[in-house]
Amino acid sequence: MKLKKGIPVIDQGDKLGFWGGKFGGNFVPETLKKPIEDLEIQFNRLKNSKNFIKERDRYFKNWIGTPTRFIKLNNLTKHVGGAQIWSKVVSDANGGAHKIYNATVHCLLAKRSGKKVIIGDTGAGYAGKMLSMAAKKFGLKCKIFMGAKDIKRQQPNVKAMKKNGADVIPVYSGSQTLVDAVSECMRYWVANCDTTAMCVGSTVGPAIFVRICGWSTSQISRELKVQLINEFGEVPKKLKLYNCVGGGSSSFGFWNEFMDYDKKQVEFIGVEAGGPAKSNRHAAPLTYGSKIGILHGAAQYVNQNNDGQIEETESISAGLDYPGISPLHCFLKDTKRARYTAASDEEALKAYQIVTKYENLRPSLEPSHAFSVAIKEAKKLSKDTIVIINSCGDAYKDRGILEQKLGKKYVKSN
Amino acid sequence: MLNPISLAFKKAKKEKRPALLTYTVAGDSSKKQSLEILKAISNYADILEVGVPHNTPVADGGQIQTSAYRAIKNGIKMNDIFKIVSDFKKSKNSKPVIFMGYYNMIFQYGENNFLKKCKKSGVNGLIVVDLPWPENKIFSKKCKKNSINFIQLLSPTTSNKRLKRITKDSHNMIYYISMLSTTGGKLKVSPKKILANYNKIKKISPKKNCVIGFGITEKTISKFKNTDGLVVGSQICKEITRSLNNRQNPVINVNKMVSKLRKKIS
């Protein structure tokens, strides 16, 4: 299995949509073959259209607010004592997370194909919130599928979706989290694909959704590359990019522009959700060696039992609480371009406390996982190493959990 | 020699009626009970679809999901499902069995092992909901080699070009999904329109047995009498749930329902 240079990773799949011959694909009911093919044709045409790219960039700039900040975390660097710690503050984006890029692109595509309704899944509620924002912006009706457990633990985002006029449909089946929300969303699309567009909230699902999402979030690394050159005059010689990985949309977008660099120069570190320290359950299929299986239309490493039933996950962070992982990351793991590890719930919480203590930055529980590993590793790295963490979400949505775990005072003071 | 599935269609045709195909989930609500249900309804049904429960089904509606979750919660494993089929096949009045499920269950078992086990326990056909054409080309060939019927699915969104190529690659049974819906949806398309699509498929592929599924219930089944076969699934699963909720015996109630279905098309 080999990563090719000079070709975007999203375009390195084979005819049937498999990366490395075995990750991804289109394991979908016959009914969805046609709408998926239509979307493929549309996307392949538009991603090469100068007009479409201009339109995308206009919305990214004027509405999402690109570029997001690239800042040095001076106090944290001093506290840790090792590599220079920087952050790409993607949570600056309109709505407070990277999910806005994919949502905007899907709405642009839906609008062009004449669809009136757009549906989407959500875990942490960011994908749903952003889709509801974009749908409102582009005049589309919006339905968001969300696990009942996630609705309870991510109330601020649920309120935002409703405020934007979206129907939030609670999903009660299975573990009542993201995995069930995606299933229910796909089922709804099976029954309504003639009138409705679907947005998959991460780089998961049938191959075309993986590609569209990866193409959209790559905005993050496009900006970062420019910012690095402005700051250092070049892409630094020792650069490490840390990102949390749930489905894998923010990490893929954070890395994409640096794919062709030698990993000795630009290393990618993906941090999965290890779950509670005392629990066997986790959401870290790459770290803990889960087997390849089929989930939501794609072959990927996925938590499952011997029979092939998908296993329930556990993580404090709803956005990472997914048993599978993007085929793109499976591909990056097996080609050894990226390295994957996990942080536990407790480690993420601790990292959140450290970051908020030293910096005026409030990463949500998802990027707190990445901060945890970055802080640990930065200690041992030389001062000329540039460590960058993608702070891809804001902790506002986690108020309830943070208050419960760390106490009211702590949350208020931030 | 005709395979058991084709034979079942031939028999129904002789009786001038469509074949009746039922769908029940293996292990719903227990291993024993699902076997009893199969034995009972095989007096009226011609072909039995046995659902292999999966916990992330992307094409099943509420009724079948409920049945599947119930079976999984009760601990059903792939090997138990094979055992249910082989026990059923030993019974007096057994009928052809088609597995219906999702590809991950086959993938984890290993395609070759899975087919070997199918053959051994008496499974006659396979419907793999999320392994469409052309992705299923290699696997369906393997099925054919093992004398197992791989049943291709067609839907209202299938283009004519695709339809021709799929039917060409299909074995002797095809499954037409009546409408854009998950299983158990209400019939939202007129029978006339469904039959028009059905006839289009028959014109392209007259020799292959084509069944219609999705939205077929006691209420709607008699409108499709002039077809090769009809599948009833969600309504049966719903009946099992209803029986359990009312502390009644699902075997008796489901049996009654299937006998009624059979009368409506005879």
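In which sense, left-handed or right-handed, does α3(B) pass α10(B)? The crossing is left-handed. This is a predicted model, and the report below takes the helix pair in chain B, then the chain interface, then chain A.

## The α3–α10 pair in chain B

Helix α10 of chain B spans residues 234–245. Its axis and that of α3(B) come within 8 Å and cross at roughly 55°. Angles of 65 to 115 degrees would count as roughly perpendicular, and those under 35 as roughly parallel. The two helices are therefore oblique to each other.

From α3(B), the contact uses Q63(B), I64(B), T66(B) and S67(B). From α10(B), it uses S234(B), C237(B), K238(B), I240(B) and T241(B). By class, this contact holds five polar residues, three nonpolar and one charged.

## Where chain B touches chain A

The interface pairs 32 residues of chain B with 32 residues of chain A. Three elements of chain B each supply at least two residues to its side: α3 (62–73), α5 (103–109) and β6 (152–154). The largest share, five residues, comes from α5(B).

On the side of chain B, 16 residues are nonpolar and 13 are polar. Another three are charged.

## Chain A as a whole

Chain A contains 16 helices and 14 strands. Its radius of gyration is 20 Å, close to the 22 Å given by the globule rule for 414 residues, so chain A is as compact as a globular protein of that length. Its C-alpha atoms fill a box of roughly 55 × 45 × 45 Å along the principal axes.

Of the 414 residues in chain A, 62% are buried. Contacts also reach across the sequence. Among those between residues at least 6 apart, 75% join residues at least 24 apart.

## The α4–α5 pair in chain A

Helix α4 (residues 99–112) and helix α5 (residues 126–138) of chain A have axes that come within 8 Å. They cross at roughly 40°. That angle makes α4(A) oblique to α5(A). The crossing is right-handed.

On the α4(A) side, the contact residues are K99(A), I100(A), A103(A), T104(A), C107(A) and K111(A). They meet Y126(A), A127(A), M130(A), L131(A), A134(A), A135(A) and F138(A) in α5(A). Here 10 residues are nonpolar, two are charged and one is polar. Residues three or four places apart on an α-helix point the same way, because the helix has 3.6 residues a turn.

## A covered helix: α12 of chain A

Helix α12 of chain A covers residues 327–334, and seven of its eight residues are buried. The buried set is P327(A), L328(A), H329(A), C330(A), F331(A), L332(A) and K333(A). After the helix comes K336(A), whose phi is positive, near 65°.

A378(A) lies in helix α14 (residues 365–378) of chain A. Is A378(A) buried or exposed? It has 22 C-beta neighbours inside 10 Å, and 20 or more is the cut-off, so A378(A) counts as buried.

Which residues does A378(A) touch, leaving out those up to four places away in sequence? They are V80(A), G82(A), A83(A), I85(A) and V387(A). G82(A) is 296 residues from A378(A) in sequence. In space, the C-alpha atoms of A378(A) and G82(A) are 5.5 Å apart.

Conventions
Residues are numbered from 1 along each chain as its sequence is written. Chains are lettered from A and ligands numbered from 1 in the order in which they are written. This is a predicted model: local features need pLDDT of at least 70, side-chain atom pairs count only at pLDDT 80 or more; totals for chains, interfaces and linings use all residues. Helices (H or I, at least four residues) and strands (E, at least two) are DSSP runs, numbered from the N terminus. The radius of gyration is taken over C-alpha atoms; the globule rule is 2.2 Å times the number of residues to the power 0.38. A residue is buried if 20 or more other C-beta atoms lie within 10 Å of its own, exposed if 12 or fewer, and partly exposed in between; C-beta atoms are placed from the backbone. Two residues are in contact if their C-beta atoms, placed from the backbone, lie within 7 Å. Ala, Val, Leu, Ile, Met, Phe, Trp, Tyr, Cys and Pro count as nonpolar, Asp, Glu, Lys and Arg as charged, and the others, Gly among them, as polar. Axes are lines fitted to C-alpha atoms, for helices over the stretch in contact, and angles run from 0 to 180 degrees between N-to-C directions. Angles under 35 degrees count as roughly parallel, over 145 as roughly antiparallel, 65 to 115 as roughly perpendicular and the rest as oblique. A crossing is left-handed if the near helix is turned anticlockwise from the far one by less than a right angle, and right-handed if clockwise.
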